[in-house]
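I am opening a notebook page on a structure that is new to me. I want to write down what I looked up, in the order in which I looked.

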Amino acid sequence: MGNTTPTERESNGENMGTTTPTERESGPSLADELRAVFDRYRGWLSVDIAASPTRPDPDLSALIAEPFTDVDDVYDRLVAAETHLRGRDDRRAVFLTVYAAMTARVRAGLEGDSFDDPAWVRRYLVTFAEYYREVLVAFERGERVPPAWRVAFGASLGGETLVVQDALLGINAHIVNDLTFALDHVGVGTGEERERRHRDHLTINAVLKSLADVIQTTLAEVYAAAGLEAADELLGRFDERATLVGLRAARAFAWENAVSLTDWPRLAPLVRWRVRTVSAGAAYALLAPGLDRTVQAELADIERGEPVLAALSDALHHDDTRPPA
(Lines give C-alpha, C1' and ligand atoms only; values in the text may rest on other atoms or scores of the structure.)
Protein backbone atom coordinates (compact mmCIF):
# COMPACT_ATOMS: atom_id res chain seq x y z
CA MET A 1 0.00 0.00 0.00
CA GLY A 2 3.05 2.29 -0.14
CA ASN A 3 4.73 4.30 2.61
CA THR A 4 2.14 7.03 3.03
CA THR A 5 0.61 7.73 6.42
CA PRO A 6 -3.07 6.99 7.08
CA THR A 7 -3.91 10.70 6.85
CA GLU A 8 -2.06 11.06 3.57
CA ARG A 9 -3.79 8.01 2.12
CA GLU A 10 -7.20 9.35 3.12
CA SER A 11 -6.56 12.77 1.64
CA ASN A 12 -5.31 11.11 -1.49
CA GLY A 13 -7.61 8.83 -2.50
CA GLU A 14 -16.27 -11.88 27.81
CA ASN A 15 -15.37 -14.01 24.85
CA MET A 16 -14.60 -13.18 21.31
CA GLY A 17 -17.66 -14.45 19.50
CA THR A 18 -17.58 -16.08 16.09
CA THR A 19 -19.18 -15.58 12.72
CA THR A 20 -19.80 -17.99 9.92
CA PRO A 21 -18.19 -17.63 6.48
CA THR A 22 -21.59 -17.00 4.95
CA GLU A 23 -22.60 -14.23 7.38
CA ARG A 24 -23.28 -10.92 5.66
CA GLU A 25 -24.31 -7.61 7.08
CA SER A 26 -25.44 -4.48 5.33
CA GLY A 27 -24.66 -0.84 5.98
CA PRO A 28 -27.16 1.95 6.54
CA SER A 29 -30.28 2.09 4.42
CA LEU A 30 -30.77 4.76 1.76
CA ALA A 31 -33.20 6.46 4.13
CA ASP A 32 -30.51 6.54 6.84
CA GLU A 33 -28.00 8.08 4.45
CA LEU A 34 -30.46 10.71 3.23
CA ARG A 35 -31.22 11.56 6.83
CA ALA A 36 -27.47 11.88 7.44
CA VAL A 37 -27.16 14.39 4.61
CA PHE A 38 -29.97 16.45 6.13
CA ASP A 39 -28.59 16.19 9.68
CA ARG A 40 -25.08 17.14 8.56
CA TYR A 41 -26.06 20.38 6.87
CA ARG A 42 -28.71 21.28 9.43
CA GLY A 43 -26.19 20.75 12.22
CA TRP A 44 -23.50 22.71 10.40
CA LEU A 45 -25.86 25.66 10.11
CA SER A 46 -27.44 25.55 13.55
CA VAL A 47 -25.13 23.92 16.13
CA ASP A 48 -22.25 25.70 17.87
CA ILE A 49 -19.31 23.40 18.62
CA ALA A 50 -16.40 24.21 20.94
CA ALA A 51 -13.13 24.93 19.17
CA SER A 52 -9.76 23.27 19.70
CA PRO A 53 -7.85 24.17 22.87
CA THR A 54 -6.14 27.55 22.64
CA ARG A 55 -2.83 25.80 23.20
CA PRO A 56 -1.94 22.09 23.02
CA ASP A 57 -1.75 20.14 26.27
CA PRO A 58 2.00 19.38 26.49
CA ASP A 59 1.55 16.17 28.48
CA LEU A 60 -1.09 14.81 26.11
CA SER A 61 0.98 15.89 23.12
CA ALA A 62 3.99 13.98 24.47
CA LEU A 63 1.90 10.83 24.87
CA ILE A 64 0.61 10.87 21.30
CA ALA A 65 3.47 12.52 19.42
CA GLU A 66 4.97 9.37 17.87
CA PRO A 67 3.25 6.78 15.66
CA PHE A 68 2.12 3.56 17.28
CA THR A 69 4.53 0.67 16.83
CA ASP A 70 2.44 -2.38 17.74
CA VAL A 71 -0.74 -3.48 19.52
CA ASP A 72 0.82 -3.31 23.00
CA ASP A 73 1.99 0.23 22.32
CA VAL A 74 -1.51 1.18 21.16
CA TYR A 75 -3.07 -0.17 24.36
CA ASP A 76 -0.49 1.31 26.73
CA ARG A 77 -0.67 4.81 25.27
CA LEU A 78 -4.45 4.82 24.92
CA VAL A 79 -4.72 3.98 28.63
CA ALA A 80 -2.13 6.62 29.50
CA ALA A 81 -4.00 9.26 27.48
CA GLU A 82 -7.31 8.18 29.03
CA THR A 83 -5.88 8.46 32.54
CA HIS A 84 -4.41 11.88 31.81
CA LEU A 85 -7.62 13.30 30.34
CA ARG A 86 -9.80 11.79 33.06
CA GLY A 87 -7.55 13.41 35.66
CA ARG A 88 -8.31 16.77 34.05
CA ASP A 89 -12.07 16.05 33.85
CA ASP A 90 -11.73 16.18 30.07
CA ARG A 91 -14.68 14.23 28.65
CA ARG A 92 -12.67 13.12 25.65
CA ALA A 93 -11.48 10.46 28.11
CA VAL A 94 -14.80 8.64 27.74
CA PHE A 95 -14.13 7.41 24.21
CA LEU A 96 -10.56 6.51 25.15
CA THR A 97 -11.94 4.32 27.94
CA VAL A 98 -14.03 2.41 25.41
CA TYR A 99 -11.26 2.29 22.81
CA ALA A 100 -8.59 1.00 25.18
CA ALA A 101 -10.93 -1.71 26.46
CA MET A 102 -11.75 -2.79 22.90
CA THR A 103 -8.05 -2.97 22.08
CA ALA A 104 -7.39 -5.10 25.15
CA ARG A 105 -10.11 -7.59 24.26
CA VAL A 106 -9.05 -7.92 20.64
CA ARG A 107 -5.43 -8.31 21.78
CA ALA A 108 -6.51 -11.16 24.04
CA GLY A 109 -8.24 -12.79 21.07
CA LEU A 110 -5.01 -12.54 19.07
CA GLU A 111 -3.31 -14.73 21.65
CA GLY A 112 -5.84 -17.50 20.99
CA ASP A 113 -7.44 -18.77 17.81
CA SER A 114 -10.18 -16.17 17.41
CA PHE A 115 -8.89 -14.88 14.06
CA ASP A 116 -8.10 -16.47 10.71
CA ASP A 117 -5.34 -13.96 9.93
CA PRO A 118 -3.90 -12.61 13.19
CA ALA A 119 -1.03 -10.76 11.45
CA TRP A 120 -3.57 -8.80 9.39
CA VAL A 121 -5.68 -8.06 12.49
CA ARG A 122 -2.59 -6.67 14.24
CA ARG A 123 -1.92 -4.36 11.30
CA TYR A 124 -5.62 -3.45 11.28
CA LEU A 125 -5.56 -2.48 14.98
CA VAL A 126 -2.39 -0.40 14.73
CA THR A 127 -3.44 1.37 11.52
CA PHE A 128 -6.92 2.08 12.88
CA ALA A 129 -5.39 3.54 16.04
CA GLU A 130 -3.10 5.71 13.93
CA TYR A 131 -6.13 7.45 12.45
CA TYR A 132 -7.28 8.32 15.95
CA ARG A 133 -3.82 9.42 17.10
CA GLU A 134 -3.32 11.66 14.06
CA VAL A 135 -6.70 13.33 14.36
CA LEU A 136 -6.20 13.94 18.10
CA VAL A 137 -2.81 15.51 17.39
CA ALA A 138 -4.34 17.69 14.68
CA PHE A 139 -7.20 18.83 16.93
CA GLU A 140 -4.80 19.70 19.75
CA ARG A 141 -2.81 21.84 17.31
CA GLY A 142 -5.91 23.62 16.06
CA GLU A 143 -5.63 22.03 12.63
CA ARG A 144 -8.54 20.92 10.47
CA VAL A 145 -10.07 17.53 11.33
CA PRO A 146 -12.93 15.54 9.76
CA PRO A 147 -16.37 16.96 10.64
CA ALA A 148 -17.44 13.98 12.77
CA TRP A 149 -14.32 14.36 14.91
CA ARG A 150 -14.76 18.12 15.17
CA VAL A 151 -18.24 17.49 16.58
CA ALA A 152 -17.08 14.68 18.87
CA PHE A 153 -14.10 16.51 20.36
CA GLY A 154 -15.83 19.89 20.47
CA ALA A 155 -18.99 18.56 22.11
CA SER A 156 -17.00 16.69 24.76
CA LEU A 157 -14.94 19.80 25.53
CA GLY A 158 -18.10 21.89 25.67
CA GLY A 159 -19.24 20.00 28.76
CA GLU A 160 -22.94 19.82 27.89
CA THR A 161 -23.10 16.21 26.70
CA LEU A 162 -23.98 13.09 28.65
CA VAL A 163 -21.35 10.40 29.09
CA VAL A 164 -23.20 8.10 26.71
CA GLN A 165 -23.13 10.85 24.08
CA ASP A 166 -19.37 11.29 24.54
CA ALA A 167 -18.87 7.55 24.04
CA LEU A 168 -21.12 7.30 20.99
CA LEU A 169 -19.73 10.45 19.36
CA GLY A 170 -16.23 8.98 19.50
CA ILE A 171 -17.37 5.54 18.35
CA ASN A 172 -19.26 7.09 15.43
CA ALA A 173 -16.33 9.25 14.32
CA HIS A 174 -13.80 6.45 14.57
CA ILE A 175 -15.89 3.72 12.94
CA VAL A 176 -18.06 5.58 10.44
CA ASN A 177 -15.40 8.11 9.45
CA ASP A 178 -12.02 6.39 9.97
CA LEU A 179 -12.52 2.67 9.50
CA THR A 180 -13.09 2.78 5.74
CA PHE A 181 -9.66 4.33 5.21
CA ALA A 182 -7.91 2.11 7.75
CA LEU A 183 -9.27 -0.99 6.01
CA ASP A 184 -8.21 0.38 2.64
CA HIS A 185 -4.74 1.01 4.06
CA VAL A 186 -4.24 -2.55 5.35
CA GLY A 187 -6.07 -4.05 2.36
CA VAL A 188 -9.32 -5.99 2.21
CA GLY A 189 -7.77 -8.44 -0.24
CA THR A 190 -9.49 -10.37 -3.00
CA GLY A 191 -11.06 -13.80 -3.35
CA GLU A 192 -10.49 -16.20 -0.45
CA GLU A 193 -8.19 -13.73 1.28
CA ARG A 194 -11.03 -11.19 1.35
CA GLU A 195 -13.35 -13.82 2.82
CA ARG A 196 -10.87 -14.55 5.64
CA ARG A 197 -10.33 -10.90 6.39
CA HIS A 198 -14.04 -10.20 6.37
CA ARG A 199 -14.61 -12.98 8.91
CA ASP A 200 -12.01 -11.39 11.16
CA HIS A 201 -13.65 -8.00 10.69
CA LEU A 202 -16.98 -9.49 11.76
CA THR A 203 -15.45 -11.21 14.78
CA ILE A 204 -14.53 -7.82 16.23
CA ASN A 205 -18.23 -6.88 16.17
CA ALA A 206 -18.83 -9.20 19.13
CA VAL A 207 -16.24 -7.27 21.15
CA LEU A 208 -17.92 -3.95 20.42
CA LYS A 209 -21.35 -5.32 21.27
CA SER A 210 -20.13 -6.56 24.65
CA LEU A 211 -18.56 -3.17 25.43
CA ALA A 212 -21.76 -1.33 24.44
CA ASP A 213 -23.67 -3.54 26.88
CA VAL A 214 -21.18 -2.74 29.67
CA ILE A 215 -21.54 1.01 29.00
CA GLN A 216 -25.32 0.86 29.21
CA THR A 217 -25.36 -1.36 32.30
CA THR A 218 -22.78 0.71 34.17
CA LEU A 219 -24.46 4.04 33.47
CA ALA A 220 -27.87 2.61 34.33
CA GLU A 221 -26.52 1.42 37.69
CA VAL A 222 -25.04 4.86 38.44
CA TYR A 223 -28.28 6.63 37.55
CA ALA A 224 -30.44 4.10 39.43
CA ALA A 225 -28.26 4.41 42.54
CA ALA A 226 -28.90 8.16 42.41
CA GLY A 227 -32.65 7.56 42.38
CA LEU A 228 -33.51 7.72 38.66
CA GLU A 229 -35.98 4.96 37.88
CA ALA A 230 -36.07 3.03 34.59
CA ALA A 231 -32.60 4.32 33.67
CA ASP A 232 -31.76 1.23 31.64
CA GLU A 233 -34.90 1.65 29.55
CA LEU A 234 -34.11 5.32 28.96
CA LEU A 235 -30.57 4.54 27.81
CA GLY A 236 -31.88 1.84 25.52
CA ARG A 237 -34.21 4.32 23.86
CA PHE A 238 -31.37 6.83 23.60
CA ASP A 239 -29.15 4.30 21.86
CA GLU A 240 -31.87 3.27 19.41
CA ARG A 241 -32.75 6.87 18.56
CA ALA A 242 -29.30 8.43 18.54
CA THR A 243 -27.15 5.84 16.81
CA LEU A 244 -27.83 6.53 13.16
CA VAL A 245 -26.69 3.21 11.77
CA GLY A 246 -25.76 1.07 14.79
CA LEU A 247 -22.38 -0.55 15.45
CA ARG A 248 -22.81 -3.56 13.21
CA ALA A 249 -24.21 -1.54 10.32
CA ALA A 250 -21.52 1.11 10.78
CA ARG A 251 -18.77 -1.50 10.47
CA ALA A 252 -20.52 -3.04 7.46
CA PHE A 253 -20.65 0.46 5.96
CA ALA A 254 -16.88 0.78 6.42
CA TRP A 255 -16.19 -2.61 4.86
CA GLU A 256 -18.40 -1.85 1.85
CA ASN A 257 -16.63 1.45 1.29
CA ALA A 258 -13.17 -0.12 1.61
CA VAL A 259 -14.17 -2.74 -0.97
CA SER A 260 -15.34 0.04 -3.28
CA LEU A 261 -12.00 1.82 -2.92
CA THR A 262 -10.20 -1.42 -3.80
CA ASP A 263 -12.39 -2.59 -6.65
CA TRP A 264 -13.40 0.76 -8.14
CA PRO A 265 -10.69 3.31 -7.25
CA ARG A 266 -12.25 5.92 -9.52
CA LEU A 267 -15.11 6.12 -7.02
CA ALA A 268 -12.73 7.40 -4.31
CA PRO A 269 -14.05 11.01 -4.29
CA LEU A 270 -17.63 9.76 -3.95
CA VAL A 271 -16.66 7.31 -1.19
CA ARG A 272 -14.88 10.05 0.75
CA TRP A 273 -17.91 12.34 0.46
CA ARG A 274 -20.22 9.52 1.54
CA VAL A 275 -18.08 8.70 4.58
CA ARG A 276 -17.74 12.34 5.63
CA THR A 277 -21.46 13.03 5.21
CA VAL A 278 -22.82 9.97 7.00
CA SER A 279 -20.38 10.27 9.91
CA ALA A 280 -21.03 14.00 10.35
CA GLY A 281 -24.79 13.56 10.07
CA ALA A 282 -24.71 10.82 12.70
CA ALA A 283 -22.65 13.04 14.99
CA TYR A 284 -25.15 15.88 14.82
CA ALA A 285 -27.99 13.40 15.38
CA LEU A 286 -26.25 12.25 18.57
CA LEU A 287 -26.36 15.81 19.88
CA ALA A 288 -30.17 15.73 19.62
CA PRO A 289 -31.05 12.24 20.90
CA GLY A 290 -34.75 12.84 21.43
CA LEU A 291 -34.75 12.43 25.22
CA ASP A 292 -37.16 14.53 27.23
CA ARG A 293 -35.28 17.68 28.26
CA THR A 294 -36.20 17.24 31.91
CA VAL A 295 -34.89 13.68 31.94
CA GLN A 296 -31.72 14.69 30.11
CA ALA A 297 -31.13 17.49 32.64
CA GLU A 298 -31.65 15.01 35.49
CA LEU A 299 -29.10 12.64 33.98
CA ALA A 300 -26.63 15.49 33.62
CA ASP A 301 -27.14 16.51 37.26
CA ILE A 302 -26.44 12.96 38.39
CA GLU A 303 -23.27 12.82 36.30
CA ARG A 304 -22.00 16.03 37.88
CA GLY A 305 -22.46 14.58 41.35
CA GLU A 306 -21.26 11.02 40.78
CA PRO A 307 -17.84 9.58 39.77
CA VAL A 308 -19.26 8.38 36.46
CA LEU A 309 -16.02 8.39 34.48
CA ALA A 310 -14.22 6.34 37.12
CA ALA A 311 -17.09 3.84 37.32
CA LEU A 312 -17.14 3.45 33.55
CA SER A 313 -13.37 3.02 33.37
CA ASP A 314 -13.39 0.38 36.13
CA ALA A 315 -16.20 -1.55 34.44
CA LEU A 316 -14.72 -1.49 30.94
CA HIS A 317 -11.16 -2.27 32.03
CA HIS A 318 -12.26 -5.04 34.39
CA ASP A 319 -11.55 -7.75 31.80
CA ASP A 320 -8.44 -6.18 30.26
CA THR A 321 -5.79 -8.85 29.97
CA ARG A 322 -2.22 -8.71 28.81
CA PRO A 323 -0.72 -11.36 26.58
CA PRO A 324 1.63 -13.78 28.31
CA ALA A 325 5.23 -12.61 28.59
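I began with a single pair of side chains, and in this predicted model I found that those of E82 and T97 are joined by a polar contact of 2.9 Å. I then asked where E82 sits, and located this residue in helix 4, which covers residues 71-87. Is E82 buried or exposed? I noted a relative accessible area of 0% for E82, and since buried means under 20%, E82 is therefore buried. When I set aside the neighbours within four places in sequence, I listed the contacts of E82 as A93, L96, T97, A100, S313 and H317.

Next I stepped back to the chain as a whole, for which I recorded 14 helices and zero strands. Of its 325 residues, I noted that 55% are buried.

I went on to the loop between helix 4 and helix 5, where I found D89. I marked this residue for its backbone, as D89 is not a glycine and yet has a positive phi, of about 55°. I reminded myself that most residues other than glycine have a negative phi. For D89 I also wrote down a relative accessible area of 64%, and because exposed means over 50%, D89 counts as exposed.

I then looked up how helix 5 (residues 93-110) packs with helix 8 (residues 163-186), and noted an angle of about 60° with the axes 8 Å apart. Which residues of helix 5 and helix 8 meet? From helix 5 I listed V94, F95, V98 and Y99, and from helix 8 I listed V163, D166, A167, G170, I171 and H174. Sorting the residues of this contact by class, I had seven nonpolar, two polar and one charged.

My last entry stays with helix 8, which also packs with helix 12 (residues 268-286), here at an angle of about 175° and with the axes 9 Å apart. Because angles over 145 degrees count as roughly antiparallel, I wrote that helix 8 is roughly antiparallel to helix 12. On the helix 8 side I noted several of the residues that meet helix 12, including L168, L169, V176 and F181, while on the helix 12 side I noted, among them, V271, V275, V278 and L286. By class, I recorded 10 nonpolar, five polar and two charged residues for the contact of helix 8 with helix 12.

How values were computed. Residues are numbered from 1 along each chain as its sequence is written. This is a predicted model: local features need pLDDT of at least 70, side-chain atom pairs count only at pLDDT 80 or more; totals for chains, interfaces and linings use all residues. Side-chain values use heavy atoms; hydrogens and water are left out. Helices (H or I, at least four residues) and strands (E, at least two) are DSSP runs, numbered from the N terminus. Buried means under 20% relative accessible area, exposed over 50%, partly exposed in between (1.4 Å probe, protein chains only). A polar contact is a pair of N or O atoms within 3.5 Å; within protein, one must be able to donate a hydrogen and the other to accept it, and residues adjacent in sequence count only if both atoms are side-chain atoms. Contact means heavy atoms within 4.5 Å. Axes are lines fitted to C-alpha atoms, for helices over the stretch in contact, and angles run from 0 to 180 degrees between N-to-C directions. Ala, Val, Leu, Ile, Met, Phe, Trp, Tyr, Cys and Pro count as nonpolar, Asp, Glu, Lys and Arg as charged, and the others, Gly among them, as polar. Angles under 35 degrees count as roughly parallel, over 145 as roughly antiparallel, 65 to 115 as roughly perpendicular and the rest as oblique.
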